Structures are given as structure tokens and as C-alpha cells.
Amino acid sequence: MEGVSVRKIKKICVFCGANSGKDVAFVNTAFHLGEVLGKRKIDLVYGGGKLGLMGCVSTAVAQHERKVLGIIPSAFTINNLVGETCGKEIKVATMQERLVMMMELSDAFIALPGGFGTLEELFQMISWAQLSIHNKPIGVLNINGFFNGLLSFVDHAVKQEFITPRARKILISATTADELVDKLQAFRFESDPALSKLKWSPSSSQKEKLDLTLRL
């Protein structure tokens with residue numbers, strides 16, 4: 001990292017599965033990521049609850065005495081569907097509201113192995129970065145090649161000229177937690193000259209909710 005300016009990251013949002021997955025390395029690496037965040041004094045934002053990899057990373061961060069914030073749709077809290085959040089919990093009405101709040105309250109994003117929900121969150125953040133809605137770094141922790149197929153598909157889309165080489169740089173990948181956090185800190189956002197001129201702002205109702213959250 002010598003000679004490279006480092007982005008100050010205080011909170012990282014982690015997207016990951018509510019299941020543990022087939023490979024024990026998924027669980028072990030999720031715990032290790034939480035340990036890395038804790039040791040680097042980085043707080044966690046995540047989707048709430050204690051299931052699967054979500055529970056692993058949040059537990060590890062809390063054990064290292066860092067703040068944990070779970071942002072969870074109220075529907076998931078009925079009948080204790082996802083278990084207790086490890087830390088502070090904010091309930092929201094919709095999945096979209098959840099994602100907007102995650103974007104607003106985080107400095108960077110990491111995706112661990114997961115299913116459709118994890119992929120939706122990851123690509124929503126990438127799409128929003130491409131549109132210059134935010135300029136925060138986004139990375140996948142490629143445990144035992146889990147994301148190889150995804151990364152190959154993205155590169156294929158670049159070759160087919162559906163994703164620009166500039167936009168491709170938005171998605172970072174690494175095979176270890178320390179390497180990925182280092183890459184997130186070194187990331188420099190390169191906006192599209194045309195898309196960077198777009199003017200984005202949350203609706204008044206969303207802004208009021210976000211302002212209220214930030215005051216809590």
C-alpha cells in the first residue's frame with residue numbers, strides 16, 4: 001500500500017447468504033472477515049438477523065467490540081423468522097428502502113457467497129455506482145472460486161460491449177479478506193462523463209427517514 005492514497009472506511013456493508021452453504025470455507029471466511037473488520041476498527045452494516053453467513057460475520061464483528069447495524073424489513077421480523085440481530089436493528093418497510101439505507105450509511109460494500117438476494121444487492125450497488133448515484137467501492141470475496149463464473153460472465157459482457165471497460169472497474173475481487181479491504185481502501189472511482197452529469201436525490205419521504213436514522 002506504500003505510495004497509494006488510502007480511502008477512509010469506517011463502515012462496510014456486507015451482503016451474503018442467510019444459509020451457510022455447502023463448503024465449510026464459506027463459514028470460516030465469513031468469521032474471518034468479521035475478525036478483519038474488527039481488528040481494523042471498521043463497523044458493520046448488514047441485513048440483520050443471525051442466519052447463515054450473515055450471522056457469522058456479524059457475530060465476529062461484535063466479538064471484536066465494533067458496532068453492528070442490521071437493517072431489516074419488518075416482514076422478516078414476524079415470528080422471529082431470521083433470529084435476533086447482533087447489534088442495533090433498524091426496521092424498514094420495503095426491500096428497496098433497506099438497500100437505500102445501506103447505501104447511505106456505508107462507506108464500502110462486500111459480497112460473500114449467497115443466492116439471488118445477495119446478487120440483487122451486489123448488482124444494484126454496482127448499477128448505482130455506474131449511474132454516479134454513489135462513488136463507494138464494491139468488492140466480492142471470492143472464496144474457493146465461488147464467484148469465478150460471475151466474474152467470467154461480467155468479462156464476457158464487456159467483450160460483447162454491454163459493459164464498458166470503465167464500468168467493469170467498479171467491481172473489485174479478491175480471495176482473502178485483508179486483500180479485499182486493502183483494495184477497497186485504494187479504490188479510485190472513475191465516473192462516466194455523461195452519467196456523472198445526472199442529478200440524483202432521494203425523495204423527500206426517503207430523505208426524512210434517512211435523516212431520522214442518522215440522528216438516532
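The side chain of T85 reaches the backbone nitrogen of G49 at 2.9 Å. This is a predicted model, in which local features need pLDDT of at least 70 and side-chain atom pairs count only at pLDDT 80 or more, while totals for chains, interfaces and linings use all residues. Residues are numbered from 1 along each chain as its sequence is written, and side-chain values use heavy atoms, with hydrogens and water left out.

T85 sits in the loop that runs between α3 (74–77) and β4 (88–92); helices (H or I, at least four residues) and strands (E, at least two) are DSSP runs numbered from the N terminus. Its side chain also makes a polar contact of 2.5 Å with the side chain of E89. A polar contact is a pair of N or O atoms within 3.5 Å; within protein, one must be able to donate a hydrogen and the other to accept it, and residues adjacent in sequence count only if both atoms are side-chain atoms. Apart from neighbours within four places in sequence, T85 is in contact (heavy atoms within 4.5 Å) with Y46, G48, G49 and G70. T85 counts as buried because its relative accessible area is 14%, where buried means under 20%, exposed over 50% and partly exposed in between (1.4 Å probe, protein chains only).

Strand β1 (residues 11–15) has 4 of its 5 residues buried. β1 runs parallel to β2 (residues 43–46), joined by 3 bridges; strands pair if DSSP finds at least two bridges between them. C13 has V45 in β2 as its bridge partner. β1 also pairs in the parallel sense with β5 (residues 108–111), over 4 bridges, and there F15 is partnered with A111.
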